[in-house]
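This report concerns a single protein model, shown below. Please keep the sequence and structure in view while reading.

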Amino acid sequence: MFTKKLIRVALAVSIAEGWKPRDTRVGDVNPSASYKNHNPGNLRVSEYEISNFNGFSIFDNDITGFYALVRQLELAARGEGDLYPAGITVELMFAIYTGLEIGSNELDDYLDIISSVGGVQKTSPASKILE
């Protein structure tokens, strides 16, 4: 079941991944690649993708892409699949998800967004996302 916190964490991921339309106010004339691909989580592979380009999933629309992201986060938080062991912390879950090194400034910045928007701390068990 998708909880409010899980949806908030997915929104936080989309922000951290740079999913945004173009912003002409700041001179940005092109939407981000994840936005054009309807892929707010920058997922590399998904059973819901219609195509894959340069190693990233392309979805039919934003709703499908967001659903795929939420489903991926749910499976990761449950410890299901080969990549995410059960009982890991939010920090380790997103280190695996992003490929960033624990302790790096990039991962800390990413986790700050997850914490402030998603409402979960990096030291929390990943399963907290499902509450």
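This is a predicted model: local features need pLDDT of at least 70, side-chain atom pairs count only at pLDDT 80 or more; totals for chains, interfaces and linings use all residues.

Helix α1 comprises residues 4-16, 13 residues in total, and extends 18 Å between its first and last C-alpha atoms, close to the expected 18 Å at 1.5 Å a residue. Its buried residues are Lys-5, Leu-6, Val-9, Ala-10, Ala-12, Val-13 and Ser-14. Just after α1, Gly-18 adopts a positive phi of about 80 degrees.

Helix α3 has 17 residues, which should span 24 Å at 1.5 Å a residue; the C-alpha atoms at its ends are 24 Å apart, in agreement with that expectation. Buried positions in α3 are Gly-65, Ala-68, Leu-69, Val-70, Leu-73, Glu-74, Ala-76 and Ala-77. Helices α1 and α4 are included in what covers them.

## The largest pocket

The largest pocket has a volume of about 470 Å³. It is lined by 21 residues, of which Arg-44, Gln-72, Leu-83, Tyr-84 and Tyr-97 are the closest to its centre. Two elements, α3 (62-78) and α4 (90-98), each give two or more residues to the lining.

Sorted by class, the lining holds eleven nonpolar residues, six polar residues and four charged residues.

## Salt bridges within α3

Five salt bridges are counted in the model. One of them joins the side chains of Arg-71 and Glu-74, with an N to O distance of 2.5 Å. Both residues belong to helix α3 and lie three residues apart, about one turn of the helix. How exposed are the two partners, Arg-71 and Glu-74? Arg-71 counts as partly exposed because its relative accessibility is 27%, whereas Glu-74, at 4%, counts as buried.

The pairing of Arg-71 and Glu-74 belongs to a network of salt bridges that also takes in Arg-78.

## Salt bridges of Lys-122

Lys-122 forms a salt bridge with Glu-91, in which the closest N and O atoms are 4.0 Å apart. Lys-122 is located in the segment after α5 and Glu-91 in helix α4, so this pair ties together parts that are 31 residues apart in sequence. Glu-91 is buried, its relative accessible area being 17%, while Lys-122 counts as partly exposed at 35% relative accessibility.

The side chain of Lys-122 also meets that of Asp-108 in a salt bridge, at 3.7 Å from N to O. Asp-108 lies in helix α5 and Lys-122 in the segment after α5, so the pair connects parts that are 14 residues apart in sequence. Asp-108 is partly exposed because its relative accessible area is 24%. Lys-122 therefore has one partner in α4 and another in α5.

## Thr-123 and Ser-124

Thr-123 and Ser-124 are also placed in the segment after α5. Are these residues, Thr-123 and Ser-124, buried or exposed? Thr-123 is exposed, with a relative accessible area of 63%, but Ser-124 counts as buried at 16% relative accessibility.

Leaving aside residues up to four places away in sequence, Ser-124 touches Ile-88, Thr-89 and Val-90. Thr-123 and Val-9 are separated by 114 residues in sequence, and their C-alpha atoms are 15 Å apart in space. Val-9 is itself one of the buried residues of α1.

Most residues other than glycine have a negative phi. What is the phi of His-38? Its value is near 55 degrees, which is positive in a residue other than glycine. His-38 lies in the loop between α2 (33-36) and β1 (51-53), and it counts as partly exposed at 24% relative accessibility.

Asn-42 likewise has a positive phi, near 50 degrees, in a residue other than glycine. Its place is in the loop between α2 and β1. With a relative accessible area of 22%, Asn-42 is partly exposed.

Definitions and conventions
Residues are numbered from 1 along each chain as its sequence is written. Side-chain values use heavy atoms; hydrogens and water are left out. On a 1 Å grid over the protein atoms alone, a cavity is a set of points where a 1.4 Å probe fits but cannot get out, and a pocket is an open set with protein on both sides within 12 Å along at least five of seven lines; lining residues have an atom within 4 Å of a point. Grid points are joined across faces, edges and corners, and a volume is the space filled by probe spheres set on the points. Helices (H or I, at least four residues) and strands (E, at least two) are DSSP runs, numbered from the N terminus. Ala, Val, Leu, Ile, Met, Phe, Trp, Tyr, Cys and Pro count as nonpolar, Asp, Glu, Lys and Arg as charged, and the others, Gly among them, as polar. The expected span of a helix is 1.5 Å times one less than its number of residues. Buried means under 20% relative accessible area, exposed over 50%, partly exposed in between (1.4 Å probe, protein chains only). Contact means heavy atoms within 4.5 Å.
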